[in-house]
Amino acid sequence: MDLISLYPTWYEPTVGSGWVVALIATFHVLASHTSVGAALLFAYLSHKAYREDRDDLLDFIKKYGLFLMVFTYVAGSITGPGIWYSTTVASPNGIGALIHSFVWKWATEWVFFVIEVVGVYMIVYLVGRVDKRTHMKISVIFGVASLATMVIIVGILSFMMMPGKEVWFEEGGYLNGFYGTNTFIQTGMRMAFMFTMTAVVGGIVVASIKDPAFKKEMTRKLGWLGIIATLTGAAMFQWYLTSVPDQALLVMENRLPEYFQTSIIAVLAGTLAYFIITMLRPQTLVQGFAGFMAVTILVAGLWPEETARESMRKPWVAGQYVYSNQVIGRDVPGMGIESQLPIIEKVGILQAHPFTPDHLRELNNGNQIQAGEFIAMTYCSNCHSPSETGIRPLHRYFPEGVTQERVADYVKGVLTTGNIAYMPKMPMRDDEAEALAAYLVLNNKGGQPAVTAAIDLEIEQRERALVEKNAQDKIAAIEMEGK
Amino acid sequence: MDAQQIAQVTDMMYALRNPAGLPTYPIIFVALGVLTFAMHILFVQLLLGTSLVALYAAYNNHPLWRRLGAAMIDVAKVSVSVAIVIGVAPLLFVQVVYDPQWYTSNVLSADWVISFIILLILAYWAMYYFYFQNYKREDKTAQPKSRWSLIVSMALMLVVGFIMHSLTTQMLHPELWQSWYSNQGKLDFSGSQLHAYNPWRFAFFISMAIPVTGAMLVTYRRFKSVRSDADHTYLNFAAEVGKKWILVGSIISFVLYVAWMASLPETAGNFATSFWGILGGLGVIGYALWAQIRLRGEAKFCSYMALPMALVIGLIVATSREVLRYDILNGFFNYNFFDYKIVMDWYSTGLFFLTFALVGGSVLAYFLTIAWKAGQTVGVYTPSATVNKMGTVAIWIMVLWMIQFFAVGFYIWAK
Ligand code: HEM
């Protein structure tokens, strides 16, 4: 049997499955980076509280910790597995590739997670119930555990862009996949970003401190932390760009939305200005202002960053060997993985897909639109939404009034051969390409309503034919009996 | 189903396996999956049961109930966190060996999978809302405010649990996946349906919240009774409620277990009357017996055994549940996880077990000792020199782990 590892496709018409993942991931990055940063800040403060025997610092930890627990820990600990869940439904082979190579890394990270979760409760609830020294120790453990979760996940995230070392393709081995230049730079970059987030979100809590002298001290601390972290982060980002594949840079230059550059610079400048203002005049730091900054960074900084990371990997989704549309497009001898393209070239995508319904396995006049839709969903919908909205809607890429013939030529000439760098190679038999073209043209003209109507018609005809055939069989059977 | 149809399903499942293979023997993942699932579901049951105590107390004027409710909402809150963080582990392991089934089941109900995340956050926030509305009040016997939020929280938690349940049930029906994907010949990419569930199975896992929470209450008395400010009337009341819940709950769960076994699909063969099928039920009813015998009177030692015993019962049930999956997928559909391709990776396998044992062991031993002692101390707890040393050792082990991480990394990178 020539089946390949393709799962059913989930199609979300409004924003598209890719954006659902990006939304959850963005939210998670905000929550988790804040948590890790806060954990390190707590370790520092608790240490200071112990050294200088200060209760106000511990009170601050309790207050900030409780706030974080409700918002970032609850949301962070749920959106974390949430990323798994969302990538599972949007890109099962992408997450599957990561899981199968890095299951033990994730399991190791999980040990630190458990420590973190127990730790955060202890840090908050044991203030004033254990001596300062013990609190300091708990905080240090908590800080290191949080940092550990971060450094582990960065290695896996880097692999998504590309395996740590090129030899991974030839030799395999988890270490070669995990560690690379990109991994280390990204670790530094994320740590810097994490401290920026800590400084901003910490401001929400500092804003509520009553004692002016203490408020000033904390504002200063967070301000310096924020300024240094932001500048380091910006520098790291430039360095990071030198470590990603050329292909990714190309995609980034050509394909990122116009506002990306401007928005990043504006956020950078705004963040620095924010820290300087609050440091100079701590009384300007009120909860509304700090909250506003956090949201601004989320919307104007993080969202473009997360979507950029998504686009830069195109056409791959993981390790430069799994395409965004879930097909494995490259041999990885080190892991005994073979490209699935030859099988598809041999039998066509409809025969190779384990979930092709029986009535679409062979093409005929009565199932073209259904088959075309199935192929578009399988091959294209991860990157192009077939609807009006969502990611790179398909209809925007074909001129109005385009003919089926032209589209079919394009599909056969460009898509099945893999001639465009940012799109996967998508082999199809000729009749499959025709079916896809028929669907694309219909979708271009009449959108989803036209497609649905055409499919309903096909199904109705199929059923009528079936009824007729059954009736004839019956007549034939009766005639046979009569003879 | 005829042999040819079954063969088609088998082929499909094998085709869906991830070609990267596994970094070690598949049985290890399955074993860890069973172990961590048992822990996950224990905390799920605790969070549901303790919420139920809080809810009952909120609608009951009895002052002892009120106090108990206030104490249990604290347990519920922490249990949610623990249930979630522990739930991550079986989530990881199930998709390693059962990826064909897990991914298909998820994709076909994708809207629900996404809702799961959102509903869980809302459920948790609703619980926190209830908590913050009430936790600062001095008078723990007054009627709690915003009782609706606790109801909302519990209702959402049940929906969340049902989604989990449905996803695991769908895994067991590979023969139906195709029909769910192309419903009566028309493809459905929406993932908007939950396609399969077994109400008895779901009710069984949820009902175990009652005996498990009973065990919690018995433990609670024992734990708090050593404090110098202990109120024994109150604590004895809690333990009596606990014992009743263990007895009544185990019987309810047992009945539901039998109903689950009676409603298994044909593909399960005669699992219900097999060794593991029977043992699961015996375990549940055995728990009631054990409690009847061992938890009489003060039960100074066995009160501490109530929760560990519940975990043991949970492990038996988790094993039965896993064997059921194996029996259906292997026994009927010839999908055998034992023959998953292996690309052995000793380093990462070893690193996990070492981290688990050394980092996890040293830190959690220290953390739990502190939490335990602090909970039993009135005022500020100052640990002994030994406990302090445990903390120092834990910190050093963590630091060494970090050094190891970067040292190995730079070595590989520079090579
Ligand atoms: C992010 C949080 C959670 C994760 C990652 C998680 C993970 C899991 C996993 C992996 C399984 C077993 C799947 C299998 O082995 O096939 C499971 C089962 C289950 N979970 Fe969770 N869980 C979470 C939260 C919850 C919550 C909050 C509840 C309920 C209040 C819950 C209720 C259940 C139930 C009832 C089952 C058993 C389903 C069955 O076998 O019929 N889970 N969970």
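Predicted model: local features only at pLDDT ≥ 70, side-chain atom pairs only at ≥ 80, totals over all residues.
Tyr85(A), His100(A) and Trp104(A) supply 11% of the area that chain A buries against chain B, more than any other three residues. The contact joins 101 residues of chain A to 108 residues of chain B.

Polar interactions across this interface comprise 32 residue pairs in polar contact, both residues being at pLDDT 80 or more, and one salt bridge, in which Lys186(B) pairs with Asp456(A) and the closest N and O atoms lie 2.8 Å apart. Several helices of chain A each supply at least two residues of the side that touches chain B, among them H1 (17-52), H2 (55-90), H4 (132-161) and H16 (430-482), while H3(A) gives the most, with 25 residues. By class, this side of chain A divides into 68 nonpolar, 23 polar and ten charged residues.

Within chain A, the domain assignment gives domain 1 (17-323) and domain 2 (341-482), whose centres, taken over C-alpha atoms, are separated by 43 Å. The contact between these domains takes eleven residues from domain 1 and ten from domain 2, and the two domains bury about 930 Å² between them, 59% of it on carbon and sulfur atoms. Zero salt bridges are counted between the domains of chain A, whereas two residue pairs, both residues at pLDDT 80 or more, are in polar contact. On the side of domain 1 that touches domain 2, H1, H9 (246-255) and H11 (287-312) of chain A give two or more residues, the largest share, three residues, coming from H9(A).

Conventions:
Residues numbered from 1 in each chain as written. Chains lettered and ligands numbered in written order. Heavy atoms only, no water. Contact = heavy atoms within 4.5 Å. Buried area = accessible area lost by both parts, 1.4 Å probe. Salt bridge = Lys/Arg side-chain N within 4 Å of Asp/Glu carboxyl O. Polar contact = N/O pair within 3.5 Å; in protein donor to acceptor, adjacent residues only side chain to side chain. Helix = DSSP H or I, 4+ residues; strand = E, 2+ residues; numbered from the N terminus. Nonpolar A, V, L, I, M, F, W, Y, C, P; charged D, E, K, R; others polar. Domains from an automatic or database assignment.
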